[in-house]
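Subject: Handing over the model

Hi,

Here is the structure you were after.

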Amino acid sequence: MDLCVTIKGVSFLLQTGMGILGNTVVLLAYVHIFYTEPKLLPVDMILCHLAFANLMLLLTRCVPQTMTVFGLRDLLNDPGCKVVIYTYRIGRALSVCITCMLSVFQAVTLAPAGPRLSRLKPALPSLVLPTFAGLWLLNMAICIAAPFFSMAPRNGTVPAFTLNLGFCHVDFRDSLSYVINGVAVSGRDFGFVALMVGSSGYILLLLHRHSRQVRGIRRPQGAGAETRAAKTVITLVVLYVVFFGIDNAIWIYMLTVAKVSPVVADMRVFFSSCYASLSPYFIISSNKKVKAKIVCAAEQNQPSVDNQESRDK
């Protein structure tokens with residue numbers, strides 16, 4: 001195994017391991033919160049669903065990608081490729097949509113109450129689940145073409161207009177279907193990214209106005225929690241936009257060439273998965289509820305470790 005392959009394999013392995021661990025911890029923390037508290041806040045429900053979408057993305061894309069880099073072949077047959085690629089596309093789409101949803105919900109929460117918002121704000125908790133259902137249906141419909149073009153790798157040369165994922169091929173047959181698929185996916189992503197950037201800019205404006213108004217005045221109870229939540233949302237949006245920009249710059253390049261190099265495809269996979277791997281650690285570090293559950297679980301586990309060490313002595 002040469003140095004380039006080793007570096008690529010270790011990079012994917014670290015990214016996949018960190019991402020799966022982080023998102024699993026966030027999900028388990030929210031499951032515990034769900035059973036110990038009467039109800040979850042809208043932001044908590046959205047963050048929980050974001051962790052689930054990111055975990056789905058990592059399991060269906062980074063895990064087989066890492067196995068392929070280390071030399072494992074014939075991982076999936078044609079039906080397996082169709083299921084994995086379709087699930088990955090949905091998970092990736094949900095990641096951007098739910099991040100956008102998080103930003104919009106937080107902007108509505110912080111916005112000054114007006115004639116319209118006075119009715120919308122109390123209804124936010126009841127809108128979370130229908131919004132989830134709508135995003136799932138939307139992305140399942142947009143990504144429906146992926147299974148028809150996905151297949152297990154064939155021996156021989158890779159045809160033109162084929163995305164060589166290593167463990168699967170996505171063969172678009174001709175340039176028209178290749179470009180239409182690219183435009184549909186990119187158009188959806190750019191639309192949601194534009195919406196999340198706009199709502200995040202509005203959040204920053206509200207925070208700036210609030211800081212000027214309360215300068216020298218004691219902050220009201222609960223303002224600190226709202227500010228921390230808003231900063232977490234902005235951090236996640238900035239993180240997504242950075243990796244989204246790199247991902248789509250590579251994707252636009254891939255749309256302009258008939259045969260895509262496996263190295264270029266690997267680079268796109270790595271950068272497009274960075275958000276799914278890093279975002280749970282921002283959630284853990286900034287969300288007091290999640291952090292408290294993790295600390296509590298660690299403290300409960302510590303006595304059993306100490307008792308075991310004392311018995312060993």
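First, a term: I call a residue buried when its relative accessible area is under 20%, exposed when over 50%, and partly exposed in between (1.4 Å probe, protein chains only).

Some housekeeping. This is a predicted model, so to speak of a local feature I need pLDDT of at least 70, and side-chain atom pairs count only at pLDDT 80 or more, while totals for chains, interfaces and linings use all residues. Residues are numbered from 1 along each chain as its sequence is written, and side-chain values use heavy atoms, with hydrogens and water left out.

Now the overall layout. The chain has nine helices and three strands (DSSP runs numbered from the N terminus: H or I of at least four residues for helices, E of at least two for strands). Reading from the N terminus, the order is α-α-α-α-α-β-β-β-α-α-α-α. Of the 313 residues, 44% are buried. Take the contacts (heavy atoms within 4.5 Å) between residues at least 6 apart in sequence: 79% of them join residues at least 24 apart.

The strands make an open antiparallel sheet in the order β1-β3-β2, where pairing takes at least two DSSP bridges between two strands. β1 (150–151) and β2 (162–164) are the edges, each pairing on one side only. β2 and β3 (residues 169–171) are joined by three bridges, and asparagine 164 sits opposite histidine 169.

Which criterion did I use? A side-chain nitrogen of Lys or Arg within 4 Å of a carboxyl oxygen of Asp or Glu. There are five in the structure:

- Aspartate 266 and lysine 8 meet at 2.8 Å, N to O. Aspartate 266 is in α8 and lysine 8 in α1, so this pair ties together parts 258 residues apart in sequence. Aspartate 266 counts as buried, at 10% relative accessibility, whereas lysine 8 is partly exposed at 26%.
- Aspartate 247 and arginine 92 have their closest N and O atoms 2.5 Å apart. This one links α7 (residues 223–255) with α3 (residues 78–110), 155 residues apart, and both partners are buried.
- Arginine 188 pairs with aspartate 189, with 3.0 Å between the closest N and O atoms. Arginine 188 is buried too, at 8% relative accessibility.

Arg92, Arg188, Asp189, Asp247 and Arg268 are linked in a salt-bridge network.

On to the surface. The chain exposes about 16300 Å², 68% of it from carbon and sulfur atoms (Shrake-Rupley, 1.4 Å probe; for residues, only the protein chains shown count as cover). Met18, Leu21, Leu278, Tyr281 and Phe282 form a nonpolar patch with about 420 Å² of accessible area together. For a patch like this, I took Val, Leu, Ile, Met, Phe, Trp or Tyr residues with over 30% relative accessible area and no salt bridge, joining side chains within 5 Å. α1 (3–36) and α8 (262–286) each give two or more residues to the patch, and α8 gives the most, with three. Tyrosine 281, in α8, is partly exposed at 31% relative accessibility.

Finally, the unreviewed UniProt entry annotates "transmembrane region" at 12–35, 47–70, 90–111, 123–149, 229–255 and 267–284; such annotations may be inferred rather than shown by experiment. In the model, residues 90–111 are 95% helix, with end C-alpha atoms 31 Å apart. Residues 229–255 are 100% helix, and their end C-alpha atoms lie 38 Å apart.

Cheers

Technical notes: Patch = residues over 30% accessible without salt bridge, like charges linked within 9 Å, V, L, I, M, F, W, Y side chains within 5 Å.
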